[in-house]
Structure formats: structure tokens, C-alpha cells
Amino acid sequence: MNYLLGLIVLLIKIAVMLGGLLLVASYLVWLERKLLARLQIRLGPNRAGIFGLLQPIADAIKLLTKEEIVPTAADGFIFRLAPAVVAVTAMMMFAVVPLGPDIRLFGRSVPMVITDLNVGLLFVFALSSLGVYGVALGGWASNSKFALLGGIRGAAQMISYELALGLSLVPVVMLAGSFSLTAIVDAQSGVPFIVLQPVSFAIFVISAMAESKRIPFDLPEAENELGAGFHTEYSGMRFGLFFLGEYVHIQVLGALTAVFFLGGWHGPWLPPVVWLMLKIFIVALIMIWIRGTLPRLRYDQLMALGWKVLIPVSLINIVVTGAFIQFAGFS
Amino acid sequence: MSENKIKTDEKPLKPAESSGWSALKALVEGFATTAKHLARKPVTESYPEFKRQLPERSRARIVLTRDPDGRERCVACYLCSAVCPVSCISMQSAEQPDGRRYARWFRINFGRCIYCGLCEEACPTSAIQLTPDFENIQRDILTLVFEKKDLLVDGCGKDPSYNFYEHAGVTTDERGKGEHANEAPPVNVKSNLP
């Protein structure tokens, strides 16, 4: 009985989480288009519904009803698999993000997280590494020059920045003393880690943006060089899955930034979930602002930034943090 | 590193321009610029609600214009049809009893027309002209085939005073030999023999 109840609660949590993720992802597209337009003194979508609010629905209908073409020369199975890998890994990362402290429901304690893995952070990294396969295989299976170039760039870029991403979070783990995301949030009940670890925060945000392949790190899909990069050959909802994956990734990035550095659900006055949403929203806004402002990096600049700046700085940061904890008795 | 540097036309950066601080300053300026744009009114003109007055030389729907005295300018010389890169103009030439040439029928297939304006450039009589009216979209592509009656307009278009037969040395019922603009009276060739 207890087991069954737990399963039902888990399924409900997954359903709510997925529904929320997809809904927010579609309206994030709207927000991005609208805000980006205003940053460039344009209007943005304003035809479908008031303020273009029905635009995501129109887009979804369009993508779902479009013909899905698999090129004759493509490797059919991998070609069909790749978009799912991107979307699924992005969505699964949310399984370990804690939305709030445990709540009491009918006399039971229900954690506000799908699964509080004790290696949650490693789980996130594993999935974000798996996400690289979606890009690389999608580009390779298309059997097209541009797609392959985009896929290769994507793989190189994501593997390079994976290192900096991982190393930037080591001080966070050192301070929190745990890999569990819930424990990391709990460790920030006093001071959010952005105050203690501003360098880590900067490295994390930069490399996480590179992980999610957004401007200024959108080399894998550089429109003006590669057509559309790794998803050049994709159409219909398979393209839609890549698209969805990108916008879910923005939410993941916002959530992870909030959890690791901005104190997660902690905050005065407002309910914990609202605080987390607010932090995710702010990170998303800043990412759109960055997209509206910065040009794309050159490939060598990208690699130089990753290997020559971010990784050494994060290594030094780890040593300094370690020394602090050891000698200043911090944490 | 410096010896295998690629030569460019770029001016070498001054130390103040290549420092980290200037990069940071540039970043901040960029973000400030886009943030300021948020408070600005968008410059977009929403098309169907706001229709901008197009320049009179912009190229869209093609018309056949008339002389200042109201007669057809087209002399059916086939130059427009010959120069048309997509062969969308066709006609049949004929001659009126008064000696003026005209097109018996004249047809432009706007389904093919690319609005390049070469016909207008080729036309010796300023008959064929492109107008700024670009909103002629049809569901049925065959309705885009315009016949002479659809093309002819009552007016001179962009060239209000030009009258081909005033200049051409062609005898019509209006003007005989030597009666055209800047034309000397005919010379009796036998009178100026040596």
C-alpha cells in the first residue's frame, strides 16, 4: 500500500514536472522572441492572439503537422534517435532539481523533488554528457556536410566546456559537503554560494551557456556558416525536439544556477517554489539579454576561452577554496 | 607567433584598446545599449495596418501608358518581350490605317514576372512602366495573366510630356514629313546635288 502510494505520488510529480517544463519551454520561446525583438527595437510576434501569446501553440501545430523527412543517405535509426536523446537528457536533468523543502501532505512527508539522488550532481553531469551524443550523432547520421561540421563542433565544444563546468562545481561540493542537490540547497540557507564563490559562478554560467549551445557559443548551429548546423536535415517534430531540448536546457541551466549558486528555493516572504521559479526566470532573462547583445565567438576563441582561461582558473579556484576550508576552518 | 601572423588591413590596436579593461568596457557598453533599447519604441511599421508610401520608381505591377493626347504609346516593337529574362511578355504587332503601329494583343504573365524593370528600360516610347502597386496576389495563378485591357491605363505615368510620334520621323495622320519636333523640313535631294 505504502509502495503503491509512493508510486502514484511519484507519477503525479513526474507528470506535473514534465507538463510544467514543456509549457514553460514553449512560452520561453515566445518570451525569447518577444524580448529579443524589443532588444533590437522590433515588435516580435504579435499576430497570433494578443501580444502573440498563441504563437507557441501555432508553432507546435505547425511542427507537429509538418512532413518529417529522413534523407535517403541518412542513417535512419540514429537519425530518428538523436533528437530524442537531446530532449530526453535535458528533461531528465530536472529529476534531481529540488523545487522546495519537503511538504506535509495527508500526514506524510513528500519531498518536492522527483528523486533526491545522493549523487545528483554527477547525475546531471552524466546526462549533460549524454546530451552531446544527440548533437554529434544527429550531425553524423544526417550524412550532410553542414550537419556533420555542426555535430563535430558541438561535440568538441561540449566536451571542452564539460570540464570547466565540472571543475567550477567542485568548490560548491566542497562547501556543501554533498553531491545531493537538496543538500547543496540546504547548505545555502544562510549565504548563497554566489557570494562565496563568484569565480565559480562566472565559470559555471559561461560553460553552462556553452553546454546549451546558445549565443555567443552557438557554433554548432551557426546559421550563417553551416545552414543550421547539426539539425540542418531535420524537419517537423524531430526538429521540434531539438528546439524543445534547447529551451528545456535553458530552464535546466536556470534551475542549476539557482540551486548551485543562488540559494535554490531559499528566500524571504515568498513560497519556496516561487523563489526557485523567479530565479530560473531571471537567469533565462539574462540569457536572452546576452543573446541580444553578444556576437558569436570564433572557433579558436571558443577553444582558447575554454582550455586556456576557464579550466586553469577553475583549478586555481579549487585549490584556493580547499586551502580556505583547510586552514581557515571554513564550512 | 608574430612571424607567422596573417597580414590584414586592420590597424594595430593601441594598448588601451586591447587591454582587458577595454574589453570589459565594451561588454558593459553593449549590454547597456541593448538594455536601453528595451525602453525605446519599436521602429517596426506593422504592414497591413500601416502602408508606407513607396517611392514612385519602385518596381511592381506593370502598366501600359498613353500619350499626353490620350493615344496608346506602345508601338509593338517587341523590345520588352525580347529583353524580358523570364519571357513573360508577349504581343502581336499591327498597324493602324493612319500609320501608327500598335499591339493587337499584349499579354504579361505576372505569375512569371520578376519585376526586374528591364522592359521599362528597353521601351523606346515610355509605354511600358512599372508602378509601386505591389499588392496583386491571386489564389488562381491564371488570373495573374494580364491582357492589354488590364494593362492599359489612362495617363502618362512617370513621363508626362513624352510623345513618341512627335519625335519619330514617321508619317501619321497628325504629322507629315518635317513637322516633327527638331526636324528640318524635307530636302529635295535633287536640288543639292553638286
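Two residues are taken to be in contact if their C-beta atoms, placed from the backbone, lie within 7 Å. The model shown in these views is predicted.

**View 1. The contact between chain B and chain A.** In this predicted model, chain B brings 10 residues to the contact, and chain A likewise brings 10 residues. On the side of chain B that touches chain A, five residues are polar and four are nonpolar, while one is charged.

**View 2. The packing of helix α1 of chain A against helix α2 of chain A.** Helix α1 of chain A, which covers residues 2-39, packs against helix α2 of chain A, residues 55-65, at an angle of about 115°, and their axes lie 9 Å apart. Because angles of 65 to 115 degrees count as roughly perpendicular, α1(A) and α2(A) are described as roughly perpendicular to each other. The crossing in which α1(A) passes α2(A) is right-handed. From α1(A), the contact is made by A:Ser26, A:Tyr27, A:Val29 and A:Trp30, and from α2(A) by A:Gln55, A:Pro56, A:Asp59 and A:Ala60. By class, the residues of this contact of α1(A) with α2(A) are five nonpolar, two polar and one charged.

**View 3. The packing of helix α8 of chain A against helix α12 of chain A.** Here helix α8 (residues 198-211) and helix α12 (residues 299-327), both of chain A, pack at an angle of about 150°, with 10 Å between their axes. The two helices, α8(A) and α12(A), form a left-handed crossing. In α8(A), the residues A:Val199, A:Ser200, A:Ile203, A:Ile206 and A:Ser207 meet A:Leu310, A:Val313, A:Ser314 and A:Asn317 of α12(A). Five residues of this contact of α8(A) with α12(A) are nonpolar and four are polar, with no charged residue among them.

Definitions and conventions
Residues numbered from 1 in each chain as written. Chains lettered and ligands numbered in written order. Predicted model: local features only at pLDDT ≥ 70, side-chain atom pairs only at ≥ 80, totals over all residues. Nonpolar A, V, L, I, M, F, W, Y, C, P; charged D, E, K, R; others polar. Axes fitted to C-alpha atoms, helices over the stretch in contact; angles between N-to-C directions. Helix = DSSP H or I, 4+ residues; strand = E, 2+ residues; numbered from the N terminus. Parallel < 35°, antiparallel > 145°, perpendicular 65-115°, else oblique. Left-handed = near helix turned anticlockwise from the far one by under 90°.
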